[in-house]
Amino acid sequence: MKKHITLVLAVVAILCTTAVSYAQNARMPAVPVDSAVRIGRLDNGLTYYIRHNEYPKGLADFFIAQKVGSVLEEDNQRGLAHFLEHMCFNGTKNFPDSTLLNWAESVGVKFGQNLNAYTSTDETVYYLSKVPVERTGVQDSCLLILHDWADALTLDPKEIDKERGVIHEEWRSRNVMQRINETIMPVIYPGSRYAHRMPIGTMEVVDNFPYQALRDYYEKWYRPDLQGIVVVGDIDPDRIEAQIKKLFSGIRLDENRAERVYYPVPDTPGTIFAIGKDKEIAQARIEIVYKHDAYPDSLKNTMDYYISQYVIDMASQMLNTRMSDMMTRPETPFTAAGSYYGNFAYSKTKDAFSVVGIGKGDSITPTLEAVYRELLRAAKGFTPSEYDRARAEYLSRLESAYNGRSTRTSNSLGFEYVRNFLDNEPIPGIEKEYSMMKFWAGQIPVEIINKVIPQMIGKDNRLVIAYLPDKDGYVIPDSAALKTIMAAVEAEDIVPYVDSVKTEPLIPNLPKPGKIVGESYDSLYNAEKWVLSNGATVLVKPTDFDDDQIVLVAAANGGTSALPDSETENIMYLPNAMAFSGLGEYGNSDLQKYMAGRQASVNLGLGAATRTISGNCVVKDLQTMMELLYMTFTAFNINESDFAAGQELNRGLLHNQEAMPMFHFQKAVSKNIYDSPRNQLLSLGVIDAADRQGILNIIHDQLADVQDFTFVFTGKINTDSLRRYVEQYIAPIPKGKSLAGVNEAEFSVKPGALTDISTFKMDTPQTYAAVILSGSIPYNARNSFVASMAGQVLTARLLKQIREDMGATYSVGAYCSLNRQGTVNAMLQTALPMKPETKDAVLAAIAAQLEDMAVNISDAELAKVKEFMLKSQTENERKNGPWAGAMSGYSLRPVDTFICAKETITGITPSDIKAFIKELLKQNNYKVIVLDPEM
């Protein structure tokens, strides 16, 4: 990173000649620490961060961060850091066996969602999030959990042996990229300890390490000088600080402790080529990586660091925008591309600038050519207009964060303090950051940004990393071929970039305003109701939940299900086509440029039975959101180039899917659940058959009658301003013909029971299974919550039996929902990968649990689910999105599931869950879909 420090000092020298307030300084001043956070350090070395924050109200987040990870393992310990993370949930001094999980769920803290951890090479972080902390006893219990994780794990041999199977299944289910990385890390990290320290470790160690080895690792590395406690939320900082001192001061720091070494990553001359391949990879990927010395932690608290990050971010953002523009051209040889700056692969001690391309077709070389050419073009410089847009977007996002500072979540603040502890990332607070960076962004010209990429790229410390499909017909290049391609690009006369920007108005001719012709009050949701001159309905609910947010949801019954079979391919491809849409004369790329510096969005969704439009904006950009809304209704467009580019991209994404077991499993699930071809997976044949004009005709017909829609606005709304915008942009939308009715056969789950078993050849044998129970249940608030509770109860049971007791899978869960639309509206489903030899036992266990739930639901397991749902509802009542969603849902079918939520949840009994499951089982729609490894 030395070259970046040099660059920043050059920037400072230039800027200080014009920035009077800083002209006296040889170096930038230190970045202040946010005074709202209390930071302390105990005598034993433990660091703590405490902050009072009331968003969400009544909740708090608790973290313990450890400067410990898999890089510290010896060769015979590979996997112990990650294994130890798992064991923190399997018994501590004050929470033996599974009592930690039971206690957490009894207060509404759900394992995997609010209670979790992760292990990396240089760090391990545990957290409890969204904990209801009205009772001080709950706060004390959370701190006690952190204490036990820090210094009081039981590490029971029986629990260790049970967890070996869980981790083995986690290893089995690892993704393709992880599998390839295991083979190419020694190439990427020559002479470095990181070459053989993937956190998952080796299964030889996981399956066979002696119990004492894990205890020794724990005692050696889990110690207070490497630990940081973070507590953020609706708490009393004085009390929390006192409790931290009381609980953690007694942990002894060994005077003869081992040194915590941060292992270096050596510099490497020239270019390293690392080529990995796998039969099951879905997308070919190429990376060009430039290693640099990491910015020293000791210097991160200066404005030098802040400015360096801004300069690098601007350069990377503008390069990404160029590559995004290329994706709107059919001839572009990649499906996605971009750049980023951060840690080099898995190492904390080396940083890197990386450019990535996802390939099309049967060769990665055209992708390498294209992304390398754009990188070299970017090294020639960015235009002032490109920088104006990038800077405007940066400042707009910064302003939005500043305006919404009172609703910054405890979770985001907590992770910010975790990064300060682990990496010394600055924490000035948004107020200071906003004022500092608003000033400096205005001082830094494009000429400074244009120095960044030339200084970051070079011929040494460079890597080219390829992740490729191992299949017949795919060209696997060797290092010499990749080197030749790059040399040929370097020899080209690459012309500078020409920035093409539309300047005409998004709406060419502003429509004549309509009128609000009727007003009333919706007493259920405490909202104003307006009827417009074109027949549309508007609901308005001003709130104080967020100081800089307005949410829009517009919905209407009816959808694509009634369209004839001749439109099947167009309907199937419709969501993919809309991802490349524009408005009027603005194509997809033009629209992205137009939106730079504007924090607003409008998204269209067309389903089988409903039509929805969702929007979001900051207060200053309400007019922009309304412009987008008007144009969505009146001038939604996909130009020919964008449509062709979308087809090429989707063909590229599908190209290698056939090699993936998960793709075949998903195909089998769709085939066995739905009769309609419209609900099957996208295929190359569908992409080829899709017709641009036919799709546009469908979209325009779906939006033809604005009278069908109810528009809901929630948030920081000035009602007078919104009135003007509604009359200007919604009321003039023309009325047209309403849609035909709904054809349930096009989206309903087909009836009947079945078992479908297929096979597929896999490198790592694994069985995939889905169990789906469907039926018809009357839609009301009570049944809706009962359905959700049934899924949550089943999840808890499957985690306990299939993951923990049987060790048959790493991840398992269930989901149950009740839909407002359709006759067959209830679906309970679970899907999981597993050890093939456990398939029969797992499927039998799922069936037995469902049969048992029809007759046996305990008060205790239901109480945990209720606690979580009541907590979630309390949180949702202070958010704009859930209110808008509830009001919109009511407009589609007048059943309230929001205002009545707490009362309804509280009143549900075990008998309600049992009756729900019994009714579903009675309807005999039990489907089992299995994909086995081909033997």
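Visitor: Is Tyr573 buried or exposed?
Guide: Happy to start there, keeping in mind that this is a predicted model. Tyr573 has a relative accessibility of 0%. The cut-off for buried is under 20% relative accessible area, so Tyr573 counts as buried.

Visitor: Which residue forms an edge-to-face aromatic pair with Tyr573?
Guide: The two ring centres lie 5.9 Å apart, with 85° between the planes. Planes over 60 degrees apart count as edge-to-face.

Visitor: How many aromatic pairs does the structure hold?
Guide: Good one to ask, as ring pairs also build a cluster here. Phe89, Phe111, Tyr126, Trp149, Tyr218 and Tyr222 are linked in this way. For the structure, the number of aromatic pairs is 28.

Visitor: Over which ring does the charged end of Arg405 sit?
Guide: Let's look at two arginines. The charged end of Arg164 sits over the ring of Phe209, 4.4 Å from its centre. For Arg405, the distance to the ring centre is 4.0 Å, and the ring belongs to Tyr402.

Visitor: In the open sheet of six strands, which strands stand at the edges?
Guide: The strand order is E1-E2-E6-E3-E5-E4, with mixed pairing. An edge strand here has a single partner, so one of its sides is left without a neighbour in the sheet.

Visitor: Which residue in E18 is the bridge partner of Val553?
Guide: Strand E15 (residues 550-557) and strand E18 (residues 610-617) run antiparallel, joined by eight bridges. Among those pairings, Val553 meets Ser614.

Visitor: Through how many residues does a hairpin join E17 to E18?
Guide: Strand E17 covers residues 600-606 and runs antiparallel to E18, with seven bridges between them. Ala600 stands opposite Cys617 in E18. The hairpin that connects E17 to E18 passes through three residues.

Visitor: Which residue caps the N-terminal end of H25?
Guide: Helix H25 spans residues 719-729, and its buried residues include Leu722, Val726 and Tyr729. The buried residues pack against strands E13, E14 and E20 and helix H20. At the N-terminal end, a side-chain oxygen of the cap lies 3.1 Å from the backbone nitrogen of Asp720, and the capping residue is Asn718.

Visitor: What separates the C-alpha atoms of Gln455 and Ala379?
Guide: Gln455 sits in helix H16, residues 452-456. At 29% relative accessibility, Gln455 counts as partly exposed. Gln455 and Ala379 are 76 residues apart along the chain, and their C-alpha atoms are separated by 8.8 Å.

How values were computed: Residues are numbered from 1 along each chain as its sequence is written. This is a predicted model: local features need pLDDT of at least 70, side-chain atom pairs count only at pLDDT 80 or more; totals for chains, interfaces and linings use all residues. Side-chain values use heavy atoms; hydrogens and water are left out. Two strands pair if DSSP finds at least two bridges between them. Helices (H or I, at least four residues) and strands (E, at least two) are DSSP runs, numbered from the N terminus. Rings of Phe, Tyr and Trp (its six-membered ring) pair if their centres lie within 6.5 Å; planes under 30 degrees apart count as stacked, over 60 as edge-to-face and the rest as tilted. Buried means under 20% relative accessible area, exposed over 50%, partly exposed in between (1.4 Å probe, protein chains only). A charge sits over a ring if NZ of Lys or CZ of Arg is within 6 Å of the ring centre and within 35 degrees of the ring normal. Contact means heavy atoms within 4.5 Å. A polar contact is a pair of N or O atoms within 3.5 Å; within protein, one must be able to donate a hydrogen and the other to accept it, and residues adjacent in sequence count only if both atoms are side-chain atoms.
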